Amino acid sequence: MKIKVTDIVYDTRDICDGHIWDQNELELPSEMILEVDGLIDIESEIADQQSIADAICDRTGWCVSSYNYEVL
C-alpha cells in the first residue's frame, strides 16, 4: 500500500548530551511516498501510525515525532 507522508518532523535530540540537530542541516526529507507492507486498517489508527513511523525510520535512520499522511 502506498502512503504519502507530509510535514515530517524528526526527533533529532541527542539523548546523551541533549543537543538538538537542525532537521534542515541534516537534509532530512519533509515528505515522501512510502510503500508499507501488508494491509493497513484505517480504523486502527495506532497500528497505522506505528507502521508509517517505522517505514520513515527505516528509510532515513531517524525517529519521527509527527507527520501527516494520506493513503494513495
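Visitor: How many bridges join S1 to S3?
Guide: This is a predicted model, in which local features need pLDDT of at least 70 and side-chain atom pairs count only at pLDDT 80 or more, while totals for chains, interfaces and linings use all residues. Residues are numbered from 1 along each chain as its sequence is written, and side-chain values use heavy atoms, with hydrogens and water left out. Strands (E, at least two residues) and helices (H or I, at least four) are DSSP runs numbered from the N terminus, and two strands pair if DSSP finds at least two bridges between them. S1 and S3 run antiparallel, and the number of bridges joining them is six.

Visitor: Which residue in S3 stands opposite Thr6?
Guide: S3 covers residues 64-71. Opposite Thr6, S3 places Asn68.

Visitor: Which residue in S2 is the bridge partner of Ile3?
Guide: S1 (residues 2-10) is joined to S2 by four bridges, and these two strands run antiparallel. Lys4 stands opposite Ile33 in S2. For Ile3, the bridge partner in S2 is Leu34.

Visitor: Which strands stand at the edges of the sheet?
Guide: Three strands form an open, antiparallel sheet in the order S2-S1-S3. A strand with a single partner has one side left without a neighbour in the sheet, and therefore the edge strands are S2 (32-35) and S3.

Visitor: Is the aromatic pair of Tyr67 and Tyr69 stacked, edge-to-face or tilted?
Guide: Rings of Phe, Tyr and Trp (its six-membered ring) pair if their centres lie within 6.5 Å; planes under 30 degrees apart count as stacked, over 60 as edge-to-face and the rest as tilted. The whole structure holds one aromatic pair. The ring centres of Tyr67 and Tyr69 are 6.4 Å apart and the planes stand at 50 degrees, so the pair is tilted.

Visitor: Is Tyr67 buried or exposed?
Guide: Buried means under 20% relative accessible area, exposed over 50%, and partly exposed in between (1.4 Å probe, protein chains only). Tyr69, at 22%, counts as partly exposed. Tyr67 has a relative accessible area of 12%, so Tyr67 is buried.

Visitor: How many disulfides are there?
Guide: A disulfide is a pair of cysteine sulfur atoms within 2.5 Å. For Cys57, which is in no disulfide, the nearest cysteine sulfur is that of Cys63, 4.4 Å away. Cys57 is partly exposed at 25% relative accessible area, whereas Cys16 is exposed at 75%. The count of disulfides is zero.

Visitor: What is the phi of Glu27?
Guide: Asp7, in strand S1, has a positive phi of about 55 degrees although it is not a glycine. Glu27 is found in the loop between S1 and S2 and is exposed, with a relative accessible area of 69%. The phi of Glu27 is also positive in a residue other than glycine, near 55 degrees.
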